[in-house]
Amino acid sequence: MLIPHNPQFKFQMCLLEDLVPQDHLLRLVNRYIDFDFIKELTYPLYCHDNGRPAIDPVVLFKMLFVGYIYGIRSERRLVEEFNVNLAYRWFIGYDLDDPIPNHSTFSQNRRRRFNQHKELEQKIFDRIVEQAIEYGLIDGHYLYTDSTHIKANANKRKFQPMIVRDKPMDYLKELQEDIDQRREEIGKKPFDHDDDDSDGTGSSAKEHEIKQSTTDPDSGFMTREGKPQGFFYLDHRTVDGRNNLIVDCHVTAGNINDARPYPGRLQRIWERFGFETWCVGVDAGYKTAYIAKFLQECGIYGVAGYRRKPHRNKDLFYPSEFKYDKQYDIYVCPANKVLSLTTIDRNGYGYYKAKCGICQRCPLKASCTTAQYKTVSRHIWQNYVDELDSHRLTWVGKKIYKRRKETVERSFADSKEMHGLRYARYRGLNKVRGQCLLTAACQNMKKIAQIMHRRESLFGPRDPNDPDSGLMHLIFLARQALQNGPWKWIFRQLANTRDKTELTHYCLVI
C-alpha cells in the first residue's frame, strides 16, 4: 500500500551537536588541531577601537579550510555548501539560524587586510607542522622532495616575447673559487671575475628570450618532455618519511629548474623546525653537482634517481667506457691510452685529451670520435655526483628511493585529485603560493586528525593532565628510542664512509 509522505512542517527540538557524527572528519580536525594561533597572527590587521564588528578571522579561515579539505574551488559554492551542510556550520561554531558570511568577504579581506601580511599563509602552515611535531608525527630524519606543475589561469597563446638576463646560481662564488684553485694546480691562470655580478646585471650575464603571459606575468612557460606545454607554476614540496606529512611548500614559476631552490629550502626547514636529517630521497632532476656537494658536506645520505644520458652516435663508444682514475685525475680510453686534464672552463668543466698524435695512430679511432682527437669533459664537482649516484645501488638506497613514490608522489596525487590543486585559483605568484600553502596545511590537518583518532581508538586517549600516561605514549617512546639509537649511528656512518666495502656491513646490520 502506497502511503503519501507528509510535508516536513513539524517543529522538532534538536541540537546541532547531536546531528554531526562523532567520527566526522571535521569533528576530528576540530578536536586535534588548535586554531587559536590564527587570532594571534591576524591581531595587528584589525582595528580594535572603532568600526563595525568584524567577522572572526578564525571563522573565515575555517571556512577556507573546509573548501580546501573537500576540494571546493569556488568561494560562491563554498558559501552555498555552508548554508545547507550542518557539519560545516558546526565546524565554524555557527547555529542553524546564523547567517553565513557573503562570498565577497573572502576576496575583500584577502585584498584589503590579509594582503598586508605577506607571510600569513606560511605562518599558518608552519604552526600546523609544529602541532604535528608535538604529537610525535614528524621527526625530520627522512625527507623526500619533488615538484609538480599547477596550471596557471592564463591562455598559452596570449604572450609577449621578452629578453631576460640569466640570474647566476647562489653557489657561483664558491664554484669560481674552486675553479681558480684547480686551474692554478694545472698551471693555468685564474679567471678574471670582475665582470661577473651576483644579481645577473654584469657584462658576462647571458640573455635569452622567454614567453611572458599577458594574463598572468608571474607564471612561466613550461616545456618539458612528457609534460603539457603552457603557462604553469611549480609547487616544490618536501614531506617527512614517517607519516607523509608535508614540512615545506615553495612555489616558483613553471620555467624554473627543480634543483635551483632545493638547498635553500632544506636549510629553511632545518632552521625553522630544528630537524636532524639523516637521509633524503629525490628524483633524477635534483642530481646536480652542487646538490651532491651540498648533501655530502652536510653529512646527509642522499639517494637520487637514475637518468639515462643521451648517446648521439651509436657507432661510437659510450662515455661510460672511458674509465676515470681518481688518484691520478686521468681518463683511460678503451685502447688503454691516457687522457690528461688540459684546461678548465668558466663553468667548471675540465677537458681531458690525449697527447698529440696518439688518436691519429689509434686503430679504434673510428669507433671513438669523428674529430681529430678525443675530448672527455668532467665537472670539478663530479666526484660528489659519483658518490651520490653510488648510494642508489645499495640495499639501503633502494629502500629509501622506493619510499619516494609512496610519500611525496602520493601527496601530490591527493592534492590534485581531492583538494583542487590541479589548477591555480588565482593569478599572481603570491596568491598561488597562498593556495599551495593552505592546501598543504589542510592535508596535514586531515592526516593528523585521522592518525591521532586511529591511535586513540586502539590504545585509548591520554590523560590531558598527565602527558606521559597511556599505552600509546609508551609505545611512542620505545619507537623513538630505537630510531634515535642505532639507526641514527648507522646513517651517520653511511653518510660519512668512503669505503664501499663497509656499506655491505651496515646494510646487514640494518
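A nonpolar core is a set of buried Ala, Val, Leu, Ile, Met, Phe, Trp, Tyr and Cys residues joined through side-chain atoms within 4.5 Å, where buried means under 20% relative accessible area (1.4 Å probe, protein chains only). Please keep in mind that this is a predicted model, in which local features need pLDDT of at least 70, side-chain atom pairs count only at pLDDT 80 or more, and totals for chains, interfaces and linings use all residues. Residues are numbered from 1 along each chain as its sequence is written, and side-chain values use heavy atoms, leaving out hydrogens and water.

**View 1. Phe35 and the largest nonpolar core.** Among the 119 residues of this core, Phe35 and Phe65 touch the most other members. Helix H17 (residues 429–459) supplies the largest share, 12 residues; helices here are DSSP runs (H or I, at least four residues), numbered from the N terminus, and strands are runs of E (at least two). Beyond four places in sequence, Phe35 is in contact (heavy atoms within 4.5 Å) with Val29, Val58, Lys62, Phe65, Phe91 and Met445.

**View 2. The loop holding Ala354.** Here you can find Ala354 between strand E12 (349–353) and helix H12 (358–361). Ala354 counts as buried because its relative accessible area is 15%. Residues up to four places away in sequence aside, Ala354 touches Val338, Leu339, Cys359 and Lys374.

**View 3. Confidence in helix H19 and strand E6.** On pLDDT, the predictor's confidence in each residue from 0 to 100, helix H19 (residues 500–509) has the lowest mean among the elements of the protein chain (42), and strand E6 (residues 246–253) the highest (96). Over residues 498–510 the pLDDT is below 50. Where pLDDT is low, the predicted coordinates should not be read in detail.

How values were computed
Buried < 20%, exposed > 50% of the residue type's maximum accessible area, 1.4 Å probe, protein only.
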